[in-house]
Amino acid sequence: MSARTETVPEITAYRSVPEFARGRIKDIRVRWALEEIGQLYRTRLIGGIFGEKAPAYLADQPFGQVPVYKEGDLTLFETGSILIHIGEADERLLPRDAKGRGRAISWMIAALNSVEPMIQTLVVLTVKGQGTDWLAGAIEAAKPFAEERLSRLSQALGDRDWLEDHFSIGDIVMADVLRNASAELLAPHSNLTAYVARGKDRPAFQKAMAAHLADCTVGEPLPA
Ligand SMILES: N[C@@H](CCC(=O)N[C@@H](CS)C(=O)NCC(=O)O)C(=O)O
């Protein structure tokens, strides 16, 4: 059942993203949700991931991050809040009943709050610590936390396709979070590897990724 909006929503994305971060920016989660329900959207491209943000942008997103979502006079920031809003218009993303809705939101927050920080810590250490003498020790200290979370998540998922009976915004965020984990971290959990592959196989994900990649290289110099 769908209650898509007549107002075409607008999301922000970067027009230039360094190569290592392409395909990993959080506008993808919002694009993915919108593609799942066939909701058209517009993209407003802002400068690069690094550097100053205009005061007007900071008024919409206090941390200067992407994405911002606008629909009529509604302006939202934080992908979690944006996905709840999108899900509220379509039960394919967020069940209507209190139990199903609560479980989907719980999983989405678990992805953002309990799983992503552990994985992101490893990503940041790996990027920032390249060539340093502290990288190996820092990874050794941080990795067990990520391993423990993935182990628990793997147990909870079991042999189901999605985190609950049906695909939801919880799966969009969890699959996207796991997509950014190293193959080494996921390797002990074949069900999580298959879960990420199922997410990436969805046509909505593929459309979202293609649109993201096209947008985030708009600011690149043209090849000679
Ligand atoms: N918690 C925010 C995080 C958004 C975020 O991390 N955006 C990144 C790109 S993936 C960004 O714009 N980073 C630039 C910055 O933090 O200054 C959300 O979920 O919307």
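## Salt bridges and the model

A salt bridge is a side-chain nitrogen of Lys or Arg within 4 Å of a carboxyl oxygen of Asp or Glu. The side chains of Arg29 and Asp176 meet in one, with 2.7 Å from N to O. Helices (H or I, at least four residues) and strands (E, at least two) are DSSP runs, numbered from the N terminus.

The structure is a predicted model, in which local features need pLDDT of at least 70, side-chain atom pairs count only at pLDDT 80 or more, and totals for chains, interfaces and linings use all residues. Residues are numbered from 1 along each chain as its sequence is written, and side-chain values use heavy atoms, with hydrogens and water left out.

## Two domains

The protein chain falls into domain 1 (10-92 + 205-215) and domain 2 (98-202). These bounds come from an automatic or database domain assignment. Taken over C-alpha atoms, the domain centres are 21 Å apart.

How many residues of domain 1 are in contact with domain 2? There are 18, and they touch 21 residues of domain 2. Contact means heavy atoms within 4.5 Å.

## The interface

The size of an interface is often given as the accessible area lost when the parts come together. Here, the area buried between domain 1 and domain 2 is about 1700 Å². Carbon and sulfur atoms give 56% of that area. Buried area is the accessible area (1.4 Å probe) that two parts lose on being put together, summed over both. Three residues stand out on the domain 1 side: Arg29, Trp32 and Phe205 supply 36% of the area that domain 1 buries against domain 2, more than any other three residues.

Charged pairs also cross this interface. The count between domain 1 and domain 2 is 5 salt bridges. Arg202 pairs with Glu36 in a salt bridge, with the closest N and O atoms 2.7 Å apart. On the side of domain 1 that touches domain 2, helix 1 (27-36), helix 3 (79-88) and helix 9 (203-215) each supply at least two residues. By class, this side has 8 nonpolar, 4 polar and 6 charged residues. Ala, Val, Leu, Ile, Met, Phe, Trp, Tyr, Cys and Pro count as nonpolar, Asp, Glu, Lys and Arg as charged, and the others, Gly among them, as polar.

## Salt bridges across the chain

A search of the whole structure finds 17 salt bridges. Lys26, Arg29, Glu116, Asp176 and Arg179 are linked in a network of them. Are Arg29 and Asp176 buried or exposed? Both are buried. Buried means under 20% relative accessible area, exposed over 50%, and partly exposed in between (1.4 Å probe, protein chains only).

Glu164 and Arg103 form another salt bridge, with the closest N and O atoms 2.9 Å apart. Glu164 sits in the loop between helix 5 (135-157) and helix 6, while Arg103 is in helix 4, 61 residues apart. Glu164 counts as partly exposed because its relative accessibility is 24%. Arg103, at 41%, also counts as partly exposed.

Helix 3 is mostly covered, with 7 of its 10 residues buried. These are Thr79, Gly80, Ile82, Leu83, His85, Ile86 and Gly87. Their cover includes helix 1, strand 3, strand 4, helix 4 (98-128) and helix 6 (169-179).

Thr79 has 5% relative accessibility, so it counts as buried. Leaving aside neighbours within four places in sequence, Thr79 is in contact with Lys26, Arg29, Val30, Pro67 and Leu112.

Most residues other than glycine have a negative phi, and most peptide bonds are trans. Glu78 has a positive phi of about 75 degrees, although it is not a glycine. Glu78 is in the loop between strand 4 (74-77) and helix 3. The peptide bond from Val66 to Pro67 is cis, with omega near 10 degrees. Pro67 lies in the loop between helix 2 (55-60) and strand 3 (68-71).
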